[in-house]
Each structure stands twice: as C-alpha cells, then as structure tokens.
Amino acid sequence: MKKKKIVILGTGGTIAGTAASAFDHTGYTAAQVGIEQLVAVIPAFAGSACELLTEQVAQVDSKDMSFAVWARLAVRVNHFLAQADVQGLVITHGTDTLEETAWFLQALLDPGKPVVLTCAMRPATALAPDGPQNMLDAVALASHPGARGVLAVCAGVIHSARDVQKVHTYRLDAFSSGDAGPVGYVEEGRLRLLRNWPETHTGQASTAMKNIALQDDGHNWPRVEIVMNYAGAGAAVVQALVASGVQGLVVAGTGNGTLHHALEAALLQAQAAGVRVVRATRCLEGRVLPKAGNAIPDSQGLSPVKARVNLLLELIT
Ligand code: SIN
C-alpha cells in the first residue's frame, strides 16, 4: 500500500535554534538548523507509516516574520494542499508569531486537509528539547483521517488557529485556547478530540490568494497597524499613523473594547477619512460584545493581531 505523504515545511524558530550550552534555554539563536536535519534526528520517523517530505520555506526568528515569508508560505501550502497524494502539512514555526501565521493561513485558505503548525520553547541543542516530541505530535495530527483546518500543536495540546494564543514567556506549554478550550490532545501518538475541526468561511480567500501570489515579495501589502488603549491614551499615535498613510487600524481596547475619549475621537476621525478601523480588546480572554450604535465595528472575537490579519486580507483583495 502507498504511504500517505506528509509535507513538513520549515520556517525557523526556536525549534531550529542552537545555543552554546545544552542548559541554555533563553540565550540561543533561533532559526539555525535546516528542516531536513530536524526531521532526520528523530528516530521514530524512520519507521513512520507516512512518507515525509521536507521543504525549507524560510529560516527566520518569528519575531521578524514578514509579508514576504507569509506570501511564500501561503503559495507553498496552497500548492501542496492541491496534491491529491498529500494527506496533510506540518509547518515548523517560532512560537512568537505562530498564532498570526496560523490565522493568516486559516483565513486565507480554510484548508480541507490538516495544516499543523508546531514549534518549541527550547532550542534543538537543549539537553531535553521539546521540538522532537512536538514534531511527532504534529505528524500524528496531520496524518489523522478526517483532520482539517489550520491547527497548532504544542506540549501535546491541539489548538485551532482562531483560538490559539501564546500566553507564557518560557514554559513548554506556552499556548492557550482561552475560553474556547483546546481542540484536543495528542496522547502517546493518539488523538483525543474535544470538539470539531475548525472551519472558517471568509468568502474572500481565492481573490486574496491570487493577489498574494502575485505580490510574493510582500512589498505592496496594505499597511494595517495596531494601537492600544491605556491610561492617558491620546490622539497622537493615530494621527501620526494616518498622516503616514495607514490603511487600517486595529485598536486593542480596554475591557469590552472601551477607548479613552481622546483616542476614540482620533479613531473616528481616521475612519471618516477612509481608514478601516476595528475594535478588539487587550484582555486575553472573552470577546468584545458590541453595543447598538457602536461606530467602530468589533473584531468578531478575534484578538488584535488576528483582527489585523483579517483587515490585511480584506484590504488586499
Ligand atoms: C521565534 O518565535 O522564532 C523564537 C521564539 C520561539 O520560537 O520560541
């Protein structure tokens, strides 16, 4: 019988990081080891029921994630999703912006096959690295019959692209799905599912994908920035962004998306001048519950960074 193909795309991150000492979990350099080598050192893959193909799409510390890398990644993911013999994809990624890339791919592609992002909190050279186990879990998830959508797996927990958020600076289990809870767990290579596979119908995906493929150097993407409400927040940042030609603004409001009156006035002025403005919350959990007559639309439960991805995709179509 022909083996299922799982494609593993490398983009960098701590999972591909190296440190001078095996005990150093923070003073390392991310994005050093190639994806082929990361896969080759996992003995369990040798007898895998799947055929594993690797491709290095990028080699970046994900704090430096760029539109150019996103465009390249989207094009390659789209390419492999279209291959009938590919069962699913795994993407190795830094933890810092993993949730943004996950949501970007979900909102753009809404894949009918699994696209699983995985990562590590310790570099590949650590005495006890977490990357190899995360990679094994990701392949188990990507090869699971019926799995679909963009998912993230870290420390045995499966998250949906919509809900996943990095919530801890150094723990191995650094992610949370907040109120929604995880999609499930990977336990000794088996899946225990708690809810349905994610689906998102944005209705804009194919046009956005075409434009992204055409602009894969990432230069002509719209400018969408994030501003925050806080004690003493004012108009200056928004006014400077509008003056510099920003096309979209996400505001991370306090609590239920509330805004300092000076910041709100500046955002309304920006909106009147044609800038798209969306209201999210800086709270880690919950969502903005809209009130009748709100002039600034809410983010439909998306965190500020994911609401920004949506605005980017809307403006790129
Ligand atoms: C990164 O996000 O690339 C570095 C940090 C990490 O992967 O944990």
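Student: What makes R279 and E264 a salt bridge?
Tutor: Their side chains meet at 3.8 Å, N to O. A salt bridge here is a side-chain nitrogen of Lys or Arg within 4 Å of a carboxyl oxygen of Asp or Glu, so the pair qualifies. R279 lies in strand β13 (residues 276-281) and E264 in helix α7 (residues 261-272), so parts 15 residues apart in sequence are tied together. Helices (H or I, at least four residues) and strands (E, at least two) are DSSP runs, numbered from the N terminus. Before we go on: this is a predicted model, where local features need pLDDT of at least 70 and side-chain atom pairs count only at pLDDT 80 or more, while totals for chains, interfaces and linings use all residues. Residues are numbered from 1 along each chain as its sequence is written, and side-chain values use heavy atoms, with hydrogens and water left out.

Student: Why is R279 called buried, and what is E264 called?
Tutor: Buried means under 20% relative accessible area, exposed over 50%, and partly exposed in between (1.4 Å probe, protein chains only). R279 has 7%, so it counts as buried. E264 has 26%, so that one is partly exposed.

Student: How many salt bridges does a search of the whole structure find?
Tutor: The search finds 10. Among them is E55 with R76, at 2.6 Å, N to O. E55 sits in strand β2 (residues 50-60) and R76 in helix α2, so the pair ties together parts 21 residues apart in sequence. E55, at 22% relative accessibility, counts as partly exposed, and so does R76, at 24%.

Student: What does the D96 and K166 salt bridge tie together?
Tutor: The closest N and O atoms of D96 and K166 are 2.7 Å apart. D96 is in the loop between β3 (86-92) and α3 (98-109), and K166 is in strand β7 (residues 165-166), so the parts joined are 70 residues apart in sequence. D96 is partly exposed at 43%; K166 is partly exposed too, at 21%.

Student: Strand β7 also holds Q165. Why is Q165 called buried?
Tutor: Its relative accessible area is 18%, so Q165 is classed as buried. Leaving aside neighbours within four places in sequence, Q165 is in contact (heavy atoms within 4.5 Å) with E99, A174, F175, S176, L284 and S303.

Student: How do you know that the length of α2 agrees with a helix?
Tutor: The expected span is 1.5 Å times one less than the number of residues. For the 15 residues of α2 (residues 67-81) that gives 21 Å, and the end C-alpha atoms are 21 Å apart, so the two agree. Buried residues of α2 include W70, L73, V77 and F80.

Student: What makes α8 largely enclosed?
Tutor: 10 of its 13 residues are buried, so α8 is largely enclosed by the rest of the structure. Among the buried ones are K306, R308 and N310, along with L311, L312 and L313. Helix α8 (residues 304-316) reaches 18 Å from first C-alpha to last, close to the 18 Å expected.

Student: What makes a set of residues a nonpolar core?
Tutor: The members are buried Ala, Val, Leu, Ile, Met, Phe, Trp, Tyr and Cys residues joined through side-chain atoms within 4.5 Å. The largest such core has 51 residues, and V77, F104 and L105 have the most contacts inside it. This core draws at least three residues from each of domain 1 (4-193) and domain 2 (222-316); those bounds come from an automatic or database domain assignment. A second, separate core has 28 residues, including I6 and M135. Back in the largest one, L105 touches L73, A74 and V77, among others.

Student: What area is buried between domain 1 and domain 2?
Tutor: About 1300 Å², with carbon and sulfur atoms giving 59%. Buried area is the accessible area (1.4 Å probe) that two parts lose on being put together, summed over both.

Student: Why does G232 count as exposed?
Tutor: At 66% relative accessibility, G232 is classed as exposed. G232 lies in the loop between β11 (224-228) and α6 (236-243).
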